[in-house]
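I opened my notebook today to get to know a new structure. Here is what I looked up, one entry at a time.

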Amino acid sequence: MNRRQFLIGAIGAGLVTTFLLKPSDSGASYSPYFKELNDELMENGPYKPSMVVDLDRMNRNIQHLLQGLSPDLHYRIVAKSLPSPELLGHIMKEAETNRLMVFHQPFLSHIAEKFPKSDVLLGKPMPIKSAEIFYSSFSNSSGFDPSRQLQWLIDDRERLVQYRELARELEIKMRVSIEIDIGLHRGGLQSPDELAPLLDIILANPDRLELGGFMGYDPHVVKLPKIVKSAEQAYAESQQIYQGFLDLVKIQYPQIDIAELCLNGAGSPTIALHKKETVINDMSAGSCLVKPVDFDIDTLQEFLPASYIATPVLKKADSMTIPSLESLKGVLNWWDPNTRQSFFIYGGKWMAKYESPVGLQESGLYGTSTNQQLVTGSGKIDLDVDDHVFLRPNQSEFVFLQFGDLLTVKDQKIVGRWPILKQ
Ligand SMILES: Cc1ncc(COP(=O)(O)O)c(C=O)c1O
C-alpha cells in the first residue's frame, strides 16, 4: 500500500467511524396520552413542577395486584412508597385493606390519627427514642389503640430489652414483630437459633410485650444475576429459611399459635412469586401501584407506570449554546441532531427519566440545575414555552415528597390535589 492509498483508507475509516458514532435523531412529539395531559395542565395546572398520579392506571394496578390473591394472603400497603394520606385512603378503599407498613415516625404518628382503624407494622426497627417520641405525642382521641394495632419491629435482643423497658416505664403493652434475615442480609435474626432469647423475654413479660409475628423481606430474590441463581431458586431458598424460623416456634414454643401471627414478607418485586405459593400470610407492596422506573422488571411486566413529574417549559431556543464555546455551536448542533432545540424547564435534577416528548436529554457540556434545567431535543419535537415536559420518577418514596400536593388525574383531567404526608 502506498502513502496515498494509506491516507485515503485512513480518511475513509475515520468517516465511517464518525458516521457510526454520530447520534441519530431520537425526537418525537407527545403521544396522545401526554398531549391530553399537557392540554389539561395548560388549562388547569399549577404551572410549577408537580407529581401527577394517574388514578385510572393505579386502580388497574391495584386490581392486578389483587387478582388471584388467596384469601389467606392479606395485602399490606407500603406507606413510604405512596406517601400521601389521601392516596393511602384511596388504596385502602379500593384494595379493601386496613394494613399499612410504615417506616418513619412522623408518618406513623399521622397515620395513627388519620386512620384509626388501620393495622400498622413497622418496616424497619425504630430507635427507642423514636418510639418514646411516638408515645409522648400520641393522643388516643382518634381511637387508634397501639397495643392492638401497632407492631414495632425488633431486630435483636438488645432492642427488645429497650422496648420492654419503655413499656414498663409507660405502663403499656407493646406488640412486636421480629425481623428475620431470609437472604437479603439487611439485618434481623440470622438463624432460628437466635429466636429463643427473644421469645423467652416476650413470653416472660405478658403484661408488657406480645409477639405480633415475623417480617422477612426478599427483594434480592429477583435482583441476583441469573448466572448466580435463578429467581425461582432464590425464592425457594428464602422461603425455606422463613419456614425454618416457623418450625422452631412450632417445636419449641407450642404455646404460640402460628396461625394467629402476622407473617409478613414480599415487596413489589416478589409479589408474583408469593401469589403462587408462600409461607407468609401478610404481603406488603407499594411501589408497583405507581410503577416508577426502578420497577421495570420481569415480575411486574403487567403493571402500568402511573406517576409522572410534569414541569413547564420556561424558555426555548433554536439550538444549544455552551458558555465560552459559542463558536462551536454549529458543530455541536451538526454532530448531535438532538441538540437542535433547547429548552429550560422549571426545576430539575430529580431522580427521574425524561418520558415525553420523546428524545429530550440533558447536556453533559452544559451541566445540571435544580432551578432551571437545560434539556435539548431534535427539530422533530413540537414543544413551546408553557407546554410541559414529563419525567418518570426512578422511585416514589423520596421523589413523591418533592412537589407538594400530588395532582391526581382521571381520563387525563385533574380530579384532586392530595397533600403529601407531613415530614
Ligand atoms: C420491609 C419492606 N417490605 C416491603 C417493601 C416493599 O416496598 P415496595 O413494594 O414499595 O418496593 C420494602 C421496601 O423497601 C421494605 O423495606
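**Entry 1: a pair of helices.** Are H5 and H6 roughly parallel or roughly perpendicular to each other? Before looking, I noted that the model is a predicted one. I then found that the axes of helix H5 (residues 105-114) and helix H6 (residues 128-137) come within 10 Å and cross at roughly 30°. Angles under 35 degrees count as roughly parallel, so H5 and H6 are roughly parallel to each other. I also looked up the hand of the crossing, and for H5 and H6 it is right-handed. On the H5 side, I listed Gln 105, Leu 108 and Ser 109 as making the contact, and on the H6 side Ser 130, Ile 133, Phe 134 and Ser 137.

**Entry 2: another pair of helices.** Next I turned to helix H8 (residues 157-170) and helix H9 (residues 195-204), which pack at an angle of about 10° with their axes 10 Å apart. That angle makes H8 roughly parallel to H9. Which residues of H8 meet which residues of H9? I wrote down Arg 157, Leu 160, Val 161 and Arg 164 from H8, and Pro 197, Leu 198 and Ile 201 from H9. The contact of H8 with H9 divides into five nonpolar, no polar and two charged residues.

**Entry 3: around the ligand.** I asked which residues are around the ligand. My list reads Val 78, Ser 81, Met 101, Gly 123, Tyr 217, Gly 267, Ser 268, Ser 284, Ala 285, Gly 286, Ser 287 and Cys 288. This shell around the ligand comes to five nonpolar, seven polar and no charged residues.

Entry 4: I picked Phe 390, which sits in strand S15 (residues 388-393). Is Phe 390 buried or exposed? I found 22 C-beta neighbours inside 10 Å, so Phe 390 counts as buried. Leaving out residues up to four places away in sequence, Phe 390 touches Phe 34, Tyr 308, Ile 309, Ala 310, Glu 355 and Ser 356. I also checked Thr 311: this residue is 79 residues from Phe 390 along the chain, yet their C-alpha atoms are separated by 6.6 Å.

A cis peptide bond joins Ser 356 to Pro 357, with omega about -5°. Pro 357 itself is in the loop between strand S12 (352-356) and strand S13 (361-362).

**Entry 5: positive phi angles.** Tyr 47 is not a glycine, yet I found a positive phi of about 55° there. Tyr 47 is placed in the loop between helix H2 (32-44) and strand S1 (50-54). With 12 C-beta neighbours inside 10 Å, Tyr 47 counts as exposed. I noted Glu 96 too, a non-glycine with a positive phi of about 50°. Glu 96 is in the loop between helix H4 (85-95) and strand S3 (99-102), and with 10 C-beta neighbours inside 10 Å it counts as exposed.

**Entry 6: stepping back.** How many helices and strands does the protein chain have? I counted 13 helices and 17 strands. The C-alpha atoms fill a box of roughly 90 × 60 × 40 Å along the principal axes. Of the 423 residues of the protein chain, 40% count as buried. Lastly, I looked at contacts between residues at least 6 apart in sequence, and 70% of them join residues at least 24 apart.

Terms used: Residues numbered from 1 in each chain as written. Predicted model: local features only at pLDDT ≥ 70, side-chain atom pairs only at ≥ 80, totals over all residues. Axes fitted to C-alpha atoms, helices over the stretch in contact; angles between N-to-C directions. Helix = DSSP H or I, 4+ residues; strand = E, 2+ residues; numbered from the N terminus. Parallel < 35°, antiparallel > 145°, perpendicular 65-115°, else oblique. Left-handed = near helix turned anticlockwise from the far one by under 90°. Contact = placed C-beta atoms within 7 Å. Near = placed C-beta within 6 Å. Nonpolar A, V, L, I, M, F, W, Y, C, P; charged D, E, K, R; others polar. Buried ≥ 20, exposed ≤ 12 C-beta atoms within 10 Å, placed from the backbone.
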